[in-house]
Amino acid sequence: MNAYVQKALESSNFIKKEIETLPLVGLITGTGLGDIAHALNVETIIEYRKIPHFPETTVESHHGRLIFGSLGTCRCLVMQGRFHLYEGYSPLEVTFPIRVMQELGVTHLILSNAAGGLNPGFQPGDIMLISDHINLTGSNPLIGPNESRWGSRFPDMARAYDGRWMEHAKKAGKKLGIPLQAGVYAGLKGPSLETPAEVRFLRTIGADAVGFSTVSEVIAAVHAGMTVIGFSTITNVHDPDHPEPASVSDILDVAEAAAPNLSAILEEIAADLAPTPGK
Ligand code: HPA
C-alpha cells in the first residue's frame with residue numbers, strides 16, 4: 001500500500017473513533033458558505049489540525065474543520081474550508097479529504113464554490129448548478145499509480161455531475177422560489193484572476209463560470225464512485241469589452257449574501273436523501 005493511501009486510512013481511522021455514526025453525504029463548502037453548518041444537527045466537530053495528515057487551510061475566508069451531524073434523516077459531513085492548488089497544495093493534497101470521505105463510506109458529494117461569471121446572461125448573486133466542468137488546472141489528481149482499492153485507472157467523466165440529483169435541485173429551487181442557472185465550470189489553478197483575453201477564450205470553449213477549485217475534487221470523487229452535485233455562486237461577471245477589476249471583498253460580500261439561498265437548496269437536496277439511498 002502506498003504512503004498516501006496509508007495516510008488516508010490513518011486519518012479516517014482517527015475520525016471513526018471520534019464520531020458516533022458514519023456520514024453518507026459529504027459537503028464541501030466554498031467561499032461564503034461555511035455557515036451551512038448552522039442548519040445541521042451537529043454531533044461532532046473536528047479541527048483539521050487534530051486529524052493526522054490532514055492539510056491546513058491557508059485561506060482567510062475558510063474555517064478549517066469537519067462537522068459531523070444530520071440534515072433531516074441524512075448523516076452529513078461538512079468540510080468547512082477546502083484546499084486549493086494556488087495555495088501550493090498538490091492535486092493529491094487537494095483531494096486528500098475526498099479519499100478520507102471515501103474511507104468513511106461517503107457515497108454522495110455536494111460541492112459549492114464562488115465563481116466568476118462568463119455567461120453574459122448571469123448576474124452577481126446568481127446560483128449556478130454545475131452541469132459539467134472543464135479541467136484547465138494543468139493537472140489531475142489521478143496521476144500516478146492507480147489505487148484499485150479506490151477506483152479504476154480510466155474513470156469515465158461523461159456523467160460526472162449526477163443528472164437525477166440536478167433535476168432534484170432544480171425542483172427544490174422552484175419549490176423554494178430560488179432561481180437557478182445551470183452551466184459549465186472552468187477550473188483554473190489561479191490565483192490571478194482572468195485577463196479579458198482569457199475570458200474570451202473561456203467563453204469560446206464553452207465555459208459559463210470560472211474558478212479555482214472543485215474540478216480536482218470532482219475527478220477524485222467520480223473515481224471513488226460517488227454521486228456528485230456542484231453549485232457555483234456567481235460573485236462577479238466578467239465583461240471582456242469593458243474590463244473592471246473585481247474586488248475580493250465584493251466577491252466575499254456577494255457570496256455571503258447568496259449563502260442563505262444556496263444553503264436552503266442544499267438542505268433540501270441532502271435532507272431528502274434516505275439513509276441508504278439508491279444510486
Ligand atoms: N475568477 C476566478 N475565481 C473566482 C472569481 C473569478 O472571477 N470570482 C470568484 N471566484
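1. The structure contains four cavities of 30 Å³ or more. A cavity here is a set of points, on a 1 Å grid over the protein atoms alone, where a 1.4 Å probe fits but cannot get out; lining residues have an atom within 4 Å of a point. Volume is the space filled by probe spheres set on the points, which are joined across faces, edges and corners.

2. This is a predicted model, in which local features need pLDDT of at least 70 and side-chain atom pairs count only at pLDDT 80 or more, whereas totals for chains, interfaces and linings use all residues. Residues are numbered from 1 along each chain as its sequence is written, and side-chain values use heavy atoms, with hydrogens and water left out.

3. The largest cavity holds about 60 Å³ of space. Its lining comprises 13 residues, and Val94, Phe212, Ser213, Thr214 and Ser216 lie nearest its centre. Helix H6 (residues 215–223) supplies the largest share of this lining, three residues. Helices (H or I, at least four residues) and strands (E, at least two) are DSSP runs, numbered from the N terminus. By class, the lining has six nonpolar, five polar and two charged residues; Ala, Val, Leu, Ile, Met, Phe, Trp, Tyr, Cys and Pro count as nonpolar, Asp, Glu, Lys and Arg as charged, and the others, Gly among them, as polar.

4. Strand S7 (residues 181–187) is largely enclosed by the rest of the structure, because five of its seven residues are buried (under 20% relative accessible area; exposed is over 50%, partly exposed in between; 1.4 Å probe, protein chains only). S7 pairs in the parallel sense with strand S6 (residues 127–135) over seven bridges, Val184 being the bridge partner of Asp132. It also pairs in the parallel sense with strand S8 (residues 209–211), over three bridges, and there Gly187 stands opposite Gly211. Pairing requires at least two DSSP bridges between the strands.

5. Eight aromatic pairs are present (ring centres of Phe, Tyr or the six-membered ring of Trp within 6.5 Å; planes under 30 degrees apart are stacked, over 60 edge-to-face, the rest tilted). Tyr48 and Phe83 form a tilted pair, 5.5 Å centre to centre with 55° between the planes. Tyr48 lies in the loop between strands S2 (41–47) and S3 (65–71) and Phe83 in the loop between strand S4 (74–80) and helix H2 (91–94), so the pair ties together parts 35 residues apart in sequence. Both Tyr48 and Phe83 are buried.

Definitions and conventions:
1 Å grid on protein atoms, 1.4 Å probe; cavity = no way out; pocket = protein on both sides within 12 Å on 5 of 7 lines; lining within 4 Å.
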